[in-house]
Structures are given as structure tokens and as C-alpha cells.
Amino acid sequence: MIWQFALRYFRARKSTSAINIIAWVSVGAIAVGTAALITVLSVFNGFTGLVKSLYSSFYPTLKVAPATGKTIILTASQLKEIAAIPGVAHYSQSIEEKAVLRFGNEQTIAVLKGVDTAFRSVAGLQDKIVRGRFDLSHENGYQAIFGMGIETALGVDVEHSLVPVNVYMPKRDANSNLNAALPEQALNTGVIYPVGTFAIQQEFDSKYILTDISFLRNLLNMSPGEMSSLELSVKPGYSEKKVKRKVQELLGDTVKVLTRVEQNATIYNIMQTEKWVVYVFLSFILVIAAFNMIGSLSMLVIEKQKDITILKAMGSRNSLIQRIFLTEGLIIAGAGSVIGFSLAITICLLQQHFGLVKLGGGSFLIDAFPVEMHLDDFILVSVTILVIGVLASWYPAKRAASQEIALKAT
């Protein structure tokens, strides 16, 4: 009965057209606010997904790193136990160290990352090669894949040059007793042959060079089981958190196991913070719509005074009257949210398929704003609209319920 009264009041023509106009203005304001929220949150999801896809080219799903210090040592039996954990697909040993690079008259500082042959299975860097080839074999000398920024800084031609790049790296056991007049005594030196260039984004392109792990292991005099980190890929369908917990239990507190999000916590936290800030600001559109709802329902209460009086004379309780007008407010909010959701879905689908809104500048990896719709965003916005709708309807509904019976004598 409550829904029947509320729907009748919503659809019926009012004695004053202003009430209808304000009611539909409220619906329109909620629809615009809903569509704006879903669209903007979907754009943030798109950029987050883009960043994750870029980072997945370089960072593994899980990373085992030392809790303290720079290296860890894992025995062959420990590696077998890790490989036997349900959900672990592949693992790859890696060593990272800063080095000075010199090519001709040019020099720069970069991070050398030595990896084994299983690196292809835990990351997707081979898909980001823009020049040359992905080849880290070392039959005729250690080969390397350069970030585009480092390639430019050194002036290397990875496709045609056969000249190696000199690598200078501090010795691990260097101390103050070395002769200050002979600083080269504190350095290990080696050469690498550039054979390819990768391009992900500036953070990686201007920082990293990929080479075979044995080059760094020899240069730094590391033992066979010593490494900077162990990188893991997880089988589809398995929970990263569960696999992480099992690896942590196996290796103990001497290491820390990081997910891809934890490896890049700063940027992900920034993006999530920006998303929540935008959500809060755009929610004010819905708050403005709530004022329209208050005005519309207040005018409706005035118009339906006779109906309220008759219902009370027939024995209706105040709670019933209050629920009728609360339901009326929820119908207004619900109609606006349905229209807003439909509009947002249409906009997002058009953007996904046709890229209507371009990024501009011509220097981005993509041409148009990326969009990803997530169910949790729809749930969040629905709950927001429900709360605002109830709060906006509460005062007019309470006022309607508290109205005194005023039957005129005939």
C-alpha cells in the first residue's frame, strides 16, 4: 500500500505545475550527479588499469626481498619448496645494482638488473621492445636491453653498433684503505653489448638496463644462491594474498613478500586518494539535488494535506504517513539514479569503443581517456544516493506525519 500511494503521488499531475517541475528537476539533478560520479570514477579506474598493465611489464606479481640489507640467499631446496607451493607458476632470480656506464665520450648512471631465463615468465618486458631484440644470451659477450632514456643519453645504436658499453660498479668489499690516488681500485669493470631497447614509461626507461644475472653475479662476486630478490608469477585463479602468505611462512621473517601494489605503494596510494577526493567533491552535486527533493516533498505535503487528514481519520498511524513520503523521496532518488546509471554506461561504452574524448598532446601511450566500469563503484554510488535520499526525505516526511487532523464541519 505504501508503494502504491508513493507511486501515485509521483506520477499524478499536481494542482500546481511547479511541484511537478521541481520533482523532475530533482530527478535530473540526481541523474547528472550519478552519471558524473560513475563516469569520473571509471576514468580513474581506466588510468589505474593502465598503470598496472605498464608495471606488470616490469614488476612481478610477487617479489621476495630482504627484510634488511640488500641481498638474500636461497638454497636450491628452498627454491624447490617455493616452486611446490600451490599457485606459484614460475620464479626468477634477479640482482639489481647501480652502475656508471660509459659509451664513447658519453656517460650516465643506471640501475643494472640481472635476470635469469625465467624472467620472461614472470614479467612481460619482451612485449615492450621497440628496437632491436630481447636477447640476454652471453655466448659471445654479455648482452643487454636498454631503457629508451638511457639509450638516448649514451647515444647507443642498439640495432647496428657492435661497440660495447663499459660498466663501472663499486666493489662490495671496497674500504677506506684503498689508495685515494687510484680510485679505480674500488671499482669492478665489465662490458655489455646493447641489443635491444624497451619503452614502458620514463620511470623505467631512464633508469633500468636488463642483462644476464651471471654478469652481475660475477662482477659483484656473489655466491650462486645470493640475489637481490626472487620474483614470482601466480597461476590464474589463485589468490595472490594466499600465495604471499604461504611464501612468507616458508621463508620466515628474514624476507618480506610484496604484491605488485605493495611494490609501488606510493603511486597506487596517490591514485586512490585522488579518486576518493573526486568522489567527495562530485557527491556535492547529489547534495544539491537533495535540497530540490526537500522543496519538492515539502510542497507535496502541503498539497496532500487533505489526503493525510483522511488517512489519519481512517486510523492510519503517523509512521505510515511518514513511510509514504519517505518512499516518495526514494522513488525520486531511484528514478534519478537509474537514469544516471544508464547515461553513464552509455558514455563509458562510447568512450571505450570510439575514444570520443582525446587526451591531446600526442605524447601519451594512448590517444583517448581510458575507461573501466567496476561494480563496486555502482554499489558505492547507489549507497550514497540511498543515504542522501533518506536524509532529504526525512524532514518533509516527519512534517507530514506530525500534521494534525483538521476535518471541517459540514
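Helices (DSSP runs of H or I, at least four residues) and strands (runs of E, at least two) are numbered from the N terminus. The structure is a predicted model, in which local features need pLDDT of at least 70 and side-chain atom pairs count only at pLDDT 80 or more, while totals for chains, interfaces and linings use all residues. Residues are numbered from 1 along each chain as its sequence is written, and side-chain values use heavy atoms, with hydrogens and water left out.

Helix α13 spans residues 375-401. Its packing against two other helices was computed from axes, which are lines fitted to C-alpha atoms over the stretch in contact, with angles running from 0 to 180 degrees between N-to-C directions. Orientation follows from the angle: under 35 degrees counts as roughly parallel, over 145 as roughly antiparallel, 65 to 115 as roughly perpendicular, and the rest as oblique. The axes of α13 and helix α10 (residues 265-303) come within 9 Å and cross at roughly 30°. The pair is therefore roughly parallel. The contact of α10 with α13 has 16 nonpolar, five polar and three charged residues. In these classes, Ala, Val, Leu, Ile, Met, Phe, Trp, Tyr, Cys and Pro count as nonpolar, Asp, Glu, Lys and Arg as charged, and the others, Gly among them, as polar.

Helix α12 (residues 318-354) also packs on α13. The angle is about 150°, and the axes are 8 Å apart. That angle makes α12 roughly antiparallel to α13. The crossing of α12 and α13 is right-handed. Their contact divides into 16 nonpolar, seven polar and one charged residue. The axes of α10 and α12 come within 11 Å and cross at roughly 140°. These two helices are therefore oblique to each other. α10 passes α12 in a right-handed crossing.

P396 is buried, with a relative accessible area of 1%; buried means under 20%, exposed over 50%, and partly exposed in between, for a 1.4 Å probe and protein chains only. The C-alpha atoms of P396 and I294 are separated by 6.6 Å, although the two residues are 102 apart along the chain. A400 also has its place in α13. A400 is buried, with a relative accessible area of 0%. Its C-alpha atom is separated by 8.0 Å from that of Q305, 95 residues apart along the chain.

V371 is in the loop between α12 and α13. At 12% relative accessibility, V371 counts as buried. V371 and F44 are 327 residues apart in sequence, yet 7.5 Å apart in space, C-alpha to C-alpha.

A cavity is a set of points where a 1.4 Å probe fits but cannot get out; a pocket is an open set with protein on both sides within 12 Å along at least five of seven lines; lining residues have an atom within 4 Å of a point. Points are joined across faces, edges and corners, and a volume is the space filled by probe spheres set on them. The structure holds two cavities of 30 Å³ or more. About 40 Å³ of space lies in the largest cavity. Its lining consists of I30, L286, M293, A333, I385, I388 and G389. The largest share, three residues, comes from α13. By class, the lining has six nonpolar, one polar and no charged residues.

The largest pocket has a volume of about 460 Å³. It is lined by 20 residues, of which K63, P66, K70, E96 and S228 are the closest to its centre. Strands β1 (62-66), β3 (88-103) and β12 (255-259) each supply at least two lining residues. The lining of the largest pocket divides into eight nonpolar, four polar and eight charged residues.

One backbone feature is found in a loop. N221 lies between α7 (213-219) and β10 (226-227). Phi of N221 is near 55°, a positive value in a residue other than glycine. Most residues other than glycine have a negative phi. N221 is exposed, with a relative accessible area of 62%.

How values were computed: 1 Å grid on protein atoms, 1.4 Å probe; cavity = no way out; pocket = protein on both sides within 12 Å on 5 of 7 lines; lining within 4 Å. Left-handed = near helix turned anticlockwise from the far one by under 90°.
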